[in-house]
Every structure is written in structure tokens, then in C-alpha cells.
Amino acid sequence: MKAVCWMGTGNIQVHKVPDPEIVNPHDAILRVTRTAICGSDLHLYDGYIPTMEAGDILGHEFMGVVEEVGPEVKNLKRGDRVVVPFTISCGNCFFCKRDLWSLCDNTNPNAQIAETMYGYSGSALFGYSHIYGGFAGGQAQYVRVPFANVGPIKIENDLPDEKVLFLSDIYPTGYMGAENANIQPGDTVAIWGCGPVGLFAIASAYMLGAERVIAIDRFPERLKLAREYCGATTIDYTDNDVVVVEALRDLTGGIGPDSCIDAVGMEAHSNTLIGMYDKVKQAAMLETDRPFVLRQALQAIRKGGTLSIPGVYGGALDKVNFGAAFGKAVHMAMGQTHMHKYLKPLLKSIEAGKIDPSFLISHRVGIEEVPDMYKIWRDKKDQVTKIVIDPWRDQIGDKIAA
Amino acid sequence: MGDRAHAGAPLEEPFMPEHVSRLDSTLPEFPAAQGRGAIFSPLPQDTHDSRMRAHSVQTIGVDAQTLYRLWRDVTVAPRWMEYVISAEPKSATVTHWVLGNPEDPRDKRIEYDTEIIEDIPGEKISWRSLDSSIKESGEVLFRPATGDRGTVVVLQESAHVPGGSLGIAAAAVTKRSPRQIVIEDLRHFKQIAETGEIPNVERNPHGPRGFIGTLKEHLYGENNPTPPGTVVH
């Protein structure tokens with residue numbers, strides 16, 4: 001089969017590789033019909049996530065048709081159409097049983113690596129380095145899905161693939177980001193990042209009762225989606241007249257946002273001096289993560305507010321104003337998405353017409369176009385907002401924005 | 001200093017917020033709680049008498065009797081312990097072990113017998129090697145975990161290290177450190193007990209690895225064979 005392979009920092013290639021096979025009793029093999037490139041794939045592309053090996057197959061947002069099931073998979077059969085959550089969870093450990101699915105004890109074959117870095121290992125992920133298990137990802141024509149009796153959700157409606165694909169990661173991730181923000185009716189929520197996760201977080205914040213959502217980014221096409229589809233008040237932080245912390249004070253009656261959501265993570269961009277500090281330190285490997293958004297959010301947040309962090313962090317921070325967090329009694333919640341908790345309710349929200357997740361797709365491509373698309377995605381060129389891939393076509397070249 | 005009479009209406013009743021009044025009624029009296037005090041004693045570490053000691057602790061969401069029976073049935077050991085090709089009972093208490101890489105018959109192997117010293121169903125199994133050149137012993141304890149969490153399993157292994165080279169027997173045939181073997185074996189025991197399978201990426205499709213990719217596989221310990229769990233292939 002064809003698969004998108006990481007061959008080094010900044011080096012993505014499509015290779016012919018062996019098809020996956022059933023290995024364990026709860027496995028299934030999926031023929032992938034649609035997949036996508038995630039913002040967090042860029043951390044792999046840029047070499048910020050350690051333990052990648054040349055040849056690793058990328059991709060953790062995918063859906064398709066069941067080809068084959070292992071002997072212990074009773075709830076799926078060949079021909080079923082499913083979306084697969086990007087976290088691999090066993091369903092029977094302390095954490096899975098408490099709805100903490102991304103913290104599963106039993107799915108990471110390389111748990112010892114994560115234990116060394118983090119103390120304990122969470123669940124394995126598809127296509128996201130060997131710390132997270134080294135499982136082949138879904139930017140390919142077939143995927144092996146472990147614990148297929150637990151993860152995949154069956155799609156039994158007529159909606160096209162691209163309207164349900166984002167159940168695999170970004171919609172639940174944005175939703176959990178909003179849920180973690182502890183939004184009360186009447187609240188004002190500030191969200192950094194109008195990439196796909198940020199956009200779903202904006203929509204989810206309104207679903208959860210926010211009175212107003214303020215969205216911060218620098219790319220016009222992303223701010224436009226935030227404004228026109230999601231109804232946010234947008235701030236372009238590269239506008240020279242804008243000071244973000246002041247803007248948030250002015251927009252919230254002098255109190256600060258009740259909740260802040262960091263949908264940016266470790267590769268935050270900034271034009272300021274401290275942003276340069278982060279970039280230099282990161283380039284010299286003296287700091288692994290760039291916490292520019294965290295600093296700004298901690299400065300801006302209302303006293304007693306809640307900071308929710310769906311943006312990915314992997315290593316260590318430097319010079320974060322933790323005194324602001326303490327001095328204002330800030331609550332924090334974060335982590336990889338507990339996918340299995342959200343799949344059914346969010347599928348219902350799509351079927352009920354509450355949201356059309358395909359609103360943010362800007363590019364539809366075939367598998368051979370993916371290496372070029374990584375560069376465009378990273379450099380935010382071509383007004384890219386989300387790239388969806390049909391792995392069975394070499395070339396589609398449909399670059400019409402939604 | 002202002003006149004306090006103007007400071008506002010006086011409080012009428014002593015004000016006792018709910019969480020404070022709970023402190024009075026639902027917590028145990030302190031003298032009873034005092035019975036819980038203890039000093040932590042670490043499990044034995046390596047000492048300077050050339051014995052290597054390693055331990056691992058896991059909480060497994062299965063009852064102690066079931067876990068005891070799973071561990072005690074040595075014929076199942078190759079399904080979850082690393083580098084065990086076979087474990088055959090020779091008598092009620094003696095087991096013959098063949099250690100090596102189950103996936104490569106040409107790799108080095110060693111064979112030896114162990115004997116069970118203590119066997120308390122649902123609580124404890126301890127063993128030692130009967131081979132004079134492999135001075136190894138171990139024990140596993142099963143204790144109830146708090147609440148509904150299941151069972152706490154404590155595994156300890158001890159081995160005499162002649163000339164500082166070999167740790168537990170399995171180290172002769174593996175690429176893992178002896179300490180890591182103990183940790184991984186108990187982790188695999190938990191995985192097979194809670195899910196019936198061991199996570200496995202051995203036949204994972206991938207593109208060309210190149211020299212550095214292959215080296216990394218080795219460094220991350222990914223060339224250690226994964227025990228089969230309840231096998232399909």
C-alpha cells in the first residue's frame with residue numbers, strides 16, 4: 001500500500017509499504033477513505049517531538065471501511081463505516097473506566113520511554129512517534145486499529161466522509177478544550193489560535209453557554225472563519241495598534257476573560273522580544289516548548305478564571321509567569337483528548353445539524369500531493385485552513401476554500 | 001481609626017459555612033487517625049554484596065485469587081513474560097525454564113530449574129533458582145488495593161552478580177537491563193490480566209528506516225520481542 005512517511009525533519013515522502021495485518025485479537029484492519037493533516041503533525045515535521053524514526057507512517061485523523069476483524073471484535077464487521085479516535089484505549093483499566101481514555105495504562109508498547117519523561121505513560125496514539133507507541137498512522141491506504149471493539153464509532157447515516165471525519169480528533173479536542181474551561185452561562189471566553197482546534201473550541205464554547213467568545217490569531221482566512229462561521233469577536237495580534245492583554249481587558253468590562261483556551265501549544269509564534277528569546281532558546285535546544293500563548297493567557301485571565309490547554313506541549317517551559325497564576329488563583333485543565341467520551345454526543349450534534357464540521361476545509365488532495373502540503377500547512381500559505389486527503393487518489397488538486 | 005459603630009450591620013449568628021461544619025461531624029477523631037501513622041521503608045535496593053535487587057509495583061483491576069492463579073500457572077508465562085521460550089512444571093514445585101528469544105531460534109538460550117519456596121494462594125509466591133550458577137530468587141505479593149481498584153501486585157527479584165556482569169538470568173539473553181525486565185514483566189502481566197493482550201508494534205508497516213532509524217529502534221528497546229499475549233498469529 002501507499003503511505004505517507006516521515007523521513008527526517010522537514011522531509012515527508014510517500015512510499016510503498018507492506019499492508020498491515022491482524023496481530024492481536026482485538027485488532028481490525030481499516031481501508032482508509034479519508035484522512036487529514038493535523039496541526040500537531042507539524043511538531044513532528046519540524047522535529048520538535050523526539051523518538052521519530054525514518055520510515056514512520058504519519059496520520060492520526062482517519063476514517064474508512066472495516067476490511068477484517070480479529071476474533072475478539074464482536075461489534076464490527078467487514079463493510080462497516082467507522083471513524084477512529086486518535087487515542088488507542090483498552091476500555092478496561094482504571095483510567096478508561098473513569099472516562100480518562102487518553103490516559104489508558106495498557107496500550108503503549110513503549111511505555112518505558114514515556115515513563116522516563118513523564119513519570120507514567122498515557123495511551124498510545126496513531127502515527128505520533130515512538131514515545132506514544134510507534135503505531136503506524138492513517139495517512140495511508142490501510143491501517144491496523146488495535147482495540148477496535150473500544151475505539152471506532154460506526155457511522156450509519158448518509159453524511160459524506162468529510163462531514164464526520166473530524167470526529168477522529170479536532171472536533172472532540174476543541175470540545176474538550178471548551179469543556180475544560182468550565183464555562184458558565186454569560187461568560188466571556190478568549191481563545192488563542194483559530195486553527196481547526198481553536199475553531200471547534202469557539203463553536204463548542206457557544207454550545208456550552210458562553211455569552212461571547214474572543215478569538216486571537218494573525219491569519220485573515222482563519223480570523224474570517226472564526227468570525228463568520230463561529231461568531232467570535234476576532235483580534236489580529238499582529239496589528240501594531242493591538243496589545244492583546246489590554247484588548248481583553250477592554251472587551252470584558254475591565255475584568256478579563258472568565259476562561260482562556262490555549263489552542264496553540266508549543267510552537268507559538270510571536271513578534272515580540274520574548275518571542276525571539278523562545279525561538280533562540282528552542283533552536284539551541286535549551287528550551288523545548290515556546291510558551292508565548294501561556295504567558296499571555298496567564299496575564300490576561302480574570303482572577304479565579306479557568307485556563308484550558310488543548311494545545312500540545314511536550315517538554316519543558318521557560319520563564320512562564322506562574323506568579324500570575326498563583327496570584328489570581330487560576331484553575332488549569334489540560335491534556336490529550338479523552339476521545340471516547342465525546343464520540344457519540346458529538347456525532348449526534350453533527351447529525352442534528354448543529355454544526356457542519358467541513359466548514360473549515362480549504363484543501364482536498366490526493367496522497368501524492370501530501371509532502372508538498374506539509375510545507376504549505378507549516379508556512380500557512382495558500383490560505384490553508386484544513387487539508388483533507390483521499391489516499392486512494394494520487395491527485396485531486398482541489399484547492400477551493402470552503 | 002474610624003468609629004466602629006459605622007462599620008456595617010453586626011452579624012446576627014455565628015456564621016459556620018457548610019464545609020467547616022462538615023469538619024466537625026464526618027471526619028474520624030484524631031486519636032483514631034493517629035493509628036495510621038507509619039514510617040516508609042523502601043524495598044531492598046542493591047547492596048554492596050554484589051546482589052542486584054529490582055522491584056516493580058502495579059495496581060491491577062482484577063481480584064487477587066484470579067491474579068494468583070494466572071501467575072502460578074507457569075505454562076502461561078511465555079505469553080506475558082519477556083524472553084521465555086517455555087516453562088514446564090517438572091513437579092508441583094519445580095519448573096524448568098528455557099529463556100531466549102522466542103522469535104529467533106539461533107539466538108542464545110539458557111535453561112535452568114526453579115523451585116517454589118512459599119505458595120500462599122491469593123497472597124504470595126516466592127521462588128529460587130536450583131541451578132548453582134544462577135543465584136536468583138524472587139517473590140510476588142498480591143494485596144487488596146483501596147476501594148474498588150483491585151489488587152496491588154509487588155514483584156521483587158534478587159540475583160547474585162558474579163563479577164558484576166550478569167543480573168537476573170534473563171539478562172543473559174536479552175537486550176534489556178535486569179531492572180527493566182522486572183518492570184516490563186509486571187507491566188505485561190497487568191496488560192494480559194486487564195485486556196487479554198500485550199500491545200504490539202512488531203509487524204507495523206513502515207517506510208525505509210535507514211541506518212539511524214534502525215539504530216534508534218535498538219536504543220528504544222523496540223527490538224525486544226513482544227510477548228504474544230493471547231495470540232492470533
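These questions and answers walk through a predicted model with chains A and B.

Residues are numbered from 1 along each chain as its sequence is written, and chains are lettered from A and ligands numbered from 1 in the order written. Because the model is predicted, local features need pLDDT of at least 70 and side-chain atom pairs count only at pLDDT 80 or more, while totals for chains, interfaces and linings use all residues.

Biologist: In what order do the six strands of the open sheet in chain A lie?
Modeller: Strands are DSSP runs (E, at least two residues), as helices are (H or I, at least four), numbered from the N terminus. Two strands pair if DSSP finds at least two bridges between them. Here the pairing is parallel, and the order is S13-S12-S11-S14-S15-S16.

Biologist: Which strands stand at the edges, each with a single partner strand?
Modeller: An edge strand has one partner, so one side of it is left without a neighbour in the sheet. In chain A, that holds for S13 (233-236) and S16 (331-334).

Biologist: Which residue in S15(A) stands opposite A:Ile261?
Modeller: Strand S14 (residues 259-262) of chain A runs parallel to strand S15 (residues 306-309) of chain A, and three bridges join them. Within S15(A), the residue opposite A:Ile261 is A:Ser308.

Biologist: What is the bridge partner of A:Thr306 in S16(A)?
Modeller: S15(A) pairs with S16(A) over four bridges, in the parallel sense. The partner of A:Thr306 is A:His331.

Biologist: How many of the nine residues of helix H10 of chain A are buried?
Modeller: Buried means 20 or more other C-beta atoms within 10 Å of the residue's own, exposed means 12 or fewer, and partly exposed lies in between; C-beta atoms are placed from the backbone. Buried residues in H10(A) include A:Phe292, A:Leu294 and A:Arg295. Helix H10 (residues 292-300) is largely enclosed by the rest of the structure, because the number buried is eight.

Biologist: At what angle do helices H5 and H12 of chain A pack?
Modeller: Axes are lines fitted to C-alpha atoms, for helices over the stretch in contact, and angles run from 0 to 180 degrees between N-to-C directions. H5 (residues 170-179) and H12 (residues 339-351) have axes 10 Å apart, at an angle of about 105 degrees.

Biologist: Which residues in H12(A) do those of H5(A) meet?
Modeller: Contact means C-beta atoms, placed from the backbone, within 7 Å. From H5(A) come A:Tyr171, A:Pro172, A:Tyr175 and A:Met176. In H12(A) they meet A:Met339, A:Tyr342, A:Leu343 and A:Leu346.

Biologist: Which helix gives the most to the side of chain B that touches chain A?
Modeller: The contact takes 36 residues from chain B and 43 residues from chain A. Helix H5 (178-195) and helix H6 (210-219) of chain B each supply at least two residues of chain B's side. With eight residues, the helix that gives the most is H5(B).

Biologist: What percentage of the 233 residues in chain B is buried?
Modeller: Chain B has six helices and seven strands. Among its residues, the buried share is 28%.

Biologist: Which residue in S2(A) is the bridge partner of A:Val4?
Modeller: Three strands of chain A form an open antiparallel sheet in the order S2-S1-S4. Strand S1 (residues 2-8) of chain A pairs with S2(A) over six bridges. The partner of A:Val4 is A:Val14.

Definitions and conventions:
Contact = placed C-beta atoms within 7 Å.
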